[in-house]
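Visitor: I'd like to go through the ring contacts in this one. Can we take it slowly?

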Amino acid sequence: TIEAFVTALEDKDRYTAGHSERVAEFAQVTAAEMGFSEDEVELIYQAGRLHDIGKLTIKSEELNKPGPLTDEEYERFKAHPGYGEQLLLKIPAFRKVLPGVGGHHEKFDGSGYPRGLAGEDIPMMARIMAVADTYDAMTSHRAYRSALKHDIAVRELARCAGTQFDPEVVERFLVAIEGW
């Protein structure tokens, strides 16, 4: 089921081919570095594979748009974590990954979406997913910009620790991916 969902999403958005797998792997090694159990690490990996599933509800031309989104398009984009939660909620086997899917765009300072959660109110799975997702987004080519180099992305994560990201998660992520 996960493979079917990811394939459908990646067929729709050519710029995110491999994104879900990379996010899953980054989240997995981060969770392991943080001392999570094997079962928890596996759940976080599954959440990474499915974190963007709500983008299936976004028009392909908006996902692949080379320029800035309009305000209306951006509002639709911001709804994708909630749409992903709604879709997966109907499948009992995926209920444990909902925090990572629905919360991966929340920000540590409360300025994220869809709920505007802050700090410890953001589930840890979502805090891990946010760092893994952002790192991969920065280091991958997108319709609207070229990929950033690893060292630039690492500096940006460190700069945003405490505002956009949980500082502990950033620290453990950076240790986990050292040498990649």
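Visitor: How many aromatic pairs does the structure hold?
Guide: This is a predicted model, and it holds 5 aromatic pairs. One of them joins phenylalanine 5 and phenylalanine 94. That pair is tilted, at 6.5 Å centre to centre with 50° between the planes.

Visitor: Where do phenylalanine 5 and phenylalanine 94 sit in the chain?
Guide: Phenylalanine 5 is in helix H1, residues 2–12. Phenylalanine 94 is in the loop between helix H6 (80–89) and helix H7 (98–102). The two are 89 residues apart, and the pair links distant parts of the chain.

Visitor: Is phenylalanine 5 buried or exposed?
Guide: Phenylalanine 5 counts as buried because its relative accessible area is 16%, and the cut-off is under 20%. Phenylalanine 94 is buried too, at 7%.

Visitor: Next one. Why is the pair of phenylalanine 26 and tyrosine 135 called edge-to-face?
Guide: Because the planes of phenylalanine 26 and tyrosine 135 are at 85°, and planes over 60 degrees apart count as edge-to-face. The ring centres are 5.1 Å apart.

Visitor: And which helices are they in?
Guide: Phenylalanine 26 lies in helix H2 (residues 19–33), and tyrosine 135 in helix H8 (residues 124–138). The pair therefore ties together parts that are 109 residues apart in sequence.

Visitor: Is tyrosine 135 buried or exposed?
Guide: Tyrosine 135 is buried, with a relative accessible area of 7%. Phenylalanine 26 is buried as well, at 6%.

Visitor: Which residues form one aromatic cluster?
Guide: Phe26, Tyr135 and Phe173 do.

Methods: Residues are numbered from 1 along each chain as its sequence is written. This is a predicted model: local features need pLDDT of at least 70, side-chain atom pairs count only at pLDDT 80 or more; totals for chains, interfaces and linings use all residues. Side-chain values use heavy atoms; hydrogens and water are left out. Rings of Phe, Tyr and Trp (its six-membered ring) pair if their centres lie within 6.5 Å; planes under 30 degrees apart count as stacked, over 60 as edge-to-face and the rest as tilted. Helices (H or I, at least four residues) and strands (E, at least two) are DSSP runs, numbered from the N terminus. Buried means under 20% relative accessible area, exposed over 50%, partly exposed in between (1.4 Å probe, protein chains only).
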